[in-house]
Amino acid sequence: MTASGATWRNWARTEAVRPLRVERPATAGAVQRAVAAAAASGLRIKPVGSGHSFTGIAVAPGVQLDLTDLSGVIDADVATGRVTLAAGTRLHQLPALLAPYGLAMANMGDIDRQTIAGATSTGTHGTGLGFGGLATQIVAAKLVTGTGELVTVSETERPELLPAVRVGLGALGVLVEVTLQLVPRFVLQAVERPEPFSRVLDEWIERVRGADHFEFYWFPHTDTALTKTNTRLPGDAPRKPLGRLSRWVDDELLANGAYRAICALGTAAPSITPWFARRVDRLTGNRDFTDVSTAVFTTHRSVRFREMEYAIPLEAIPAAVREVRGLIERRGWRISFPIEARAAASDANWLSTAHGRDTGYLAVHRYFREDSREYFEAVEAIMRGYGGRPHWGKMHTQTAETLRDAYPRFDDFLLVRDELDPERRFANPYLERVLGP
């Protein structure tokens with residue numbers, strides 16, 4: 001335990017807090033003691049991962065739990081493909097940790113800095129209509145409740161709680177272990193192409209249903225979409241990875257270094273943004289390579305941004321994107337970051353953004369030094385018109401009152417919260433807004 005004089009900030013610099021104290025438990029027992037101590041002092045307590053949520057979901061004004069030391073493989077069964085991880089394990093650590101077992105996550109998002117507990121608890125997802133979000137891979141979990149009890153939830157122990165715990169928002173307890181259903185490691189063939197914007201929208205359903213993993217980016221002020229199509233291959237398939245120089249030029253020099261300069265210039269002189277967008281449009285995409293899954297799914301992002309993402313019915317993506325384009329043009333905004341569209345399969349997790357429906361995801365971004373509020377709120381109004389559900393870890397303005405209508409099992413989740421955290425030991429301002437006090 002340490003007294004904290006430092007201010008914690010999330011990656012996007014949208015949230016900051018100075019905790020009363022910080023604790024760094026390395027075992028489940030230490031987490032239990034920390035929760036008990038917080039309760040005895042009348043304090044709230046929350047775990048924090050890598051700070052990649054854009055919302056205040058992990059903000060801890062009272063006791064902050066840093067789970068960095070609660071990391072690594074606890075158990076692995078190669079025959080079943082099930083691996084138990086300590087909750088603070090970072091996603092980028094998984095390739096090395098899972099290599100001895102020949103296993104991999106079935107799907108991943110494009111950022112791998114998060115902890116496994118943080119990524120699943122906020123509903124992080126990748127793309128691919130045959131795959132749910134990361135939380136759908138959880139088959140068991142251990143968590144410390146608000147009363148300090150260590151509870152196991154699995155297919156055989158309290159199975160009725162699994163649909164709540166998988167996407168628990170940090171509101172039900174402190175996850176200390178998660179058991180994932182993994183798959184044999186595999187290779188992805190990646191095809192990235194610039195294509196006509198209108199054609200990609202017209203073919204959205206066909207493309208997303210016809211590929212293992214499909215997504216596209218559209219830079220406002222252009223008529224081109226950058227498509228990414230990944231095809232799954234066996235783990236022993238021949239690999240043709242990007243060369244070290246080619247990857248550095250594309251992913252570091254252009255996507256991070258030059259793009260950071262473009263965003264900074266666009267902030268100072270917004271009128272040049274469309275000109276830059278058309279040039280970025282010509283320099284990116286149009287490459288083929290084959291590599292291990294994690295090297296294809298994930299990318300390095302060093303340019304700070306703010307993001308809002310909404311989940312809407314899969315078939316609504318083309319119309320929604322066209323509405324957003326019309327909005328940008330009518331308002332005369334200069335937007336330097338692309339709009340991203342992905343997809344995920346329907347699942348049964350109560351607060352999953354894909355609960356009960358095949359889902360399309362539409363994400364909008366702004367450079368972190370720009371004011372995103374007007375743009376995000378206007379796009380949010382469009383998304384809500386399609387029955388949209390906001391990503392729990394990304395910016396939005398919804399409240400418990402509006403979210404209840406979007407989630408059929410919302411009140412069931414609150415009943416589980418009443419059982420596992422009756423004194424709201426894990427509450428914070430964000431959770432009070434989205435779940436109620």
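Which residue in the hairpin of E10 and E11 takes a positive phi? I looked, and Gly148 has a phi near 90 degrees, in a hairpin with five residues between the strands.

**Ground rules**

I note that this is a predicted model, where local features need pLDDT of at least 70 and side-chain atom pairs count only at pLDDT 80 or more, while totals for chains, interfaces and linings use all residues. Residues are numbered from 1 along each chain as its sequence is written, and side-chain values use heavy atoms, with hydrogens and water left out. My helices (H or I, at least four residues) and strands (E, at least two) are DSSP runs numbered from the N terminus.

**Entry 1: strand E10**

I started with E10, residues 138–144. Six of its seven residues are buried (under 20% relative accessible area; exposed is over 50%, partly exposed in between, with a 1.4 Å probe and protein chains only). The strand is therefore largely enclosed by the rest of the structure.

Next I checked its partners, counting two strands as paired if DSSP finds at least two bridges between them. E10 runs antiparallel to E12 (residues 174–181) over six bridges, and Ala140 has Thr179 of E12 as its bridge partner. With E11 (residues 150–154) the pairing is also antiparallel, over five bridges, and there Leu143 stands opposite Val151.

**Entry 2: helix H1**

I then turned to H1, residues 28–40.

Which residues of H1 are buried? I found Ala30, Val31, Ala34, Val35 and Ala38. Seen down the axis of H1, they fall within an arc of 140 degrees (taken from the directions from the helix axis to the C-beta atoms), so they line one face of the helix.

The buried residues pack against E4 (21–23), E5 (45–48), E6 (63–66), E10 and E12 (contact means heavy atoms within 4.5 Å). On the other side of H1, Arg33 and Ala40 are exposed. Just after the helix, Gly42 takes a positive phi of about 70 degrees.

**Entry 3: the eight-stranded sheet**

I traced an open, antiparallel sheet of eight strands in the order E17-E14-E16-E15-E19-E20-E18-E21. E17 (287–292) and E21 (389–390) stand at the edges with a single partner strand each, so one side of each has no neighbour in the sheet. E21 is joined to E18 (residues 305–313) by two bridges, and Tyr310 stands opposite Pro390.

I got their angles from axes fitted as lines to C-alpha atoms, for helices over the stretch in contact, with angles from 0 to 180 degrees between N-to-C directions. H10 (residues 317–331) lies across E15 (213–218), E18, E19 (339–344) and E20 (359–367), at about 25 degrees to E20. H11 (residues 373–385) lies across E18, E19 and E20, at about 10 degrees to E18.

Leu169 is not a glycine, yet its phi is positive at about 60 degrees. I placed Leu169 in the loop between H4 (162–165) and E12, buried with a relative accessible area of 2%.

His221 also has a positive phi, near 80 degrees. It lies in the loop between E15 and E16 (224–234). Is His221 buried or partly exposed? I noted it as partly exposed, with a relative accessible area of 21%.
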